[in-house]
Amino acid sequence: MKVLGLLAVVAGVLLVAPPPASAHGALTNPVSRLAACGAEGDSAGTAACAAARKASRNDFEDWDNLRLPDVDGRDREVVPDGKLCSAGLSRYQGLDLPREDWPATALTAGADLTFAYRGTIPHKGTFRLFVTRDGYDATEPLTWSDLETKPFLTAKDPAMRSGSYRIKGELPSGKTGRHLIYTIWENSDTPDTYYSCSDVIFKAAAAKTTKVQPSASESAPATEAAPPAVETTAPPAAADPEPVSATSALPLIGGGAALIVLFGAVYAILLHRTRSRRHD
Ligand SMILES: [Cu+2]
């Protein structure tokens, strides 16, 4: 009976809980123009973001929704030169503005980095990350020929942790100054392909002794490290079933947790179905 009561409460909470505000995704480390300028971005107040919103006639609430259907890998045919950052979508056209003051992430050329691509509802798919060629000029419209032909990083179905896909990779070496990382995420379980432009500033790798430096520019690992830290500080809380195995109330709590997980999974699946339908 207690279990049934608990079940009803859990079901009630899940039915009332609002769906996630975002359903798709964008590169957040290094931050993309749309994620930086979007409703949840850190740089929404900058001149570049203000100009981008104005030119797009869009407040970028839909910062995670820059996608095209049915591209099927024909990115270079479908997305026009000069419109790579908007993928040719007029409601994002401000992202194509050639400017030198886009919010940029400082990176060390050739260093290891855990890329983060935020997405609240998981999709299957392959990420391809390209970097601009040497001599890239941010004041000129971005064209396909500005990008190196081959991606410097490819990842199929990377794991999602803490709301983001984490992709471990190595940054291109030999790059200095302002560049752009162009990310293409081709879904395999929806017809969509997502596009992100991330502005970066490469510092040349100095002597080996500065190996510590890269971790400073890697903001993702810091957030990555956060969840385990919370777990280690959590045990004192009575609600955490795992570490305290002596309590008699434990089976009930454990059962409750299992139910929440189960309902969460069902809820996520149902929600995703609704979202998927909206993709068309
Ligand atoms: Cu989606």
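These are my notebook entries on a predicted model of a protein chain.

**Basis.** I number residues from 1 along each chain as its sequence is written. In this predicted model, local features need pLDDT of at least 70, side-chain atom pairs count only at pLDDT 80 or more, and totals for chains, interfaces and linings use all residues, while side-chain values use heavy atoms, with hydrogens and water left out.

**Whole chain.** I looked up the secondary structure and found 7 helices and 10 strands; helices (H or I, at least four residues) and strands (E, at least two) are DSSP runs, numbered from the N terminus. Of the 280 residues, 41% are buried, that is, under 20% relative accessible area with a 1.4 Å probe, protein chains only.

**Sheet.** I traced an open sheet of 4 strands in the order β1-β4-β8-β7, with antiparallel pairing. β1 (26-29) and β7 (160-161) stand at the edges with a single partner strand each, so one side of each is left without a neighbour in the sheet. Two strands pair if DSSP finds at least two bridges between them. I noted 7 bridges between β4 (residues 112-118) and β8 (residues 164-170); Arg118 has Ser164 in β8 as its bridge partner.

**Ser56.** I located Ser56 in helix α3 (residues 47-56). Ser56 is buried, with a relative accessible area of 5%. Leaving aside residues up to four places away in sequence, I found that Ser56 touches residues including Ser90, Tyr92 and Leu95, a contact being heavy atoms within 4.5 Å. The side chain of Ser56 reaches the backbone nitrogen of Gln93 at 3.4 Å, and a polar atom of this side chain lies 2.7 Å from the backbone nitrogen of Gly94.

Note on methods. Buried < 20%, exposed > 50% of the residue type's maximum accessible area, 1.4 Å probe, protein only. Polar contact = N/O pair within 3.5 Å; in protein donor to acceptor, adjacent residues only side chain to side chain.
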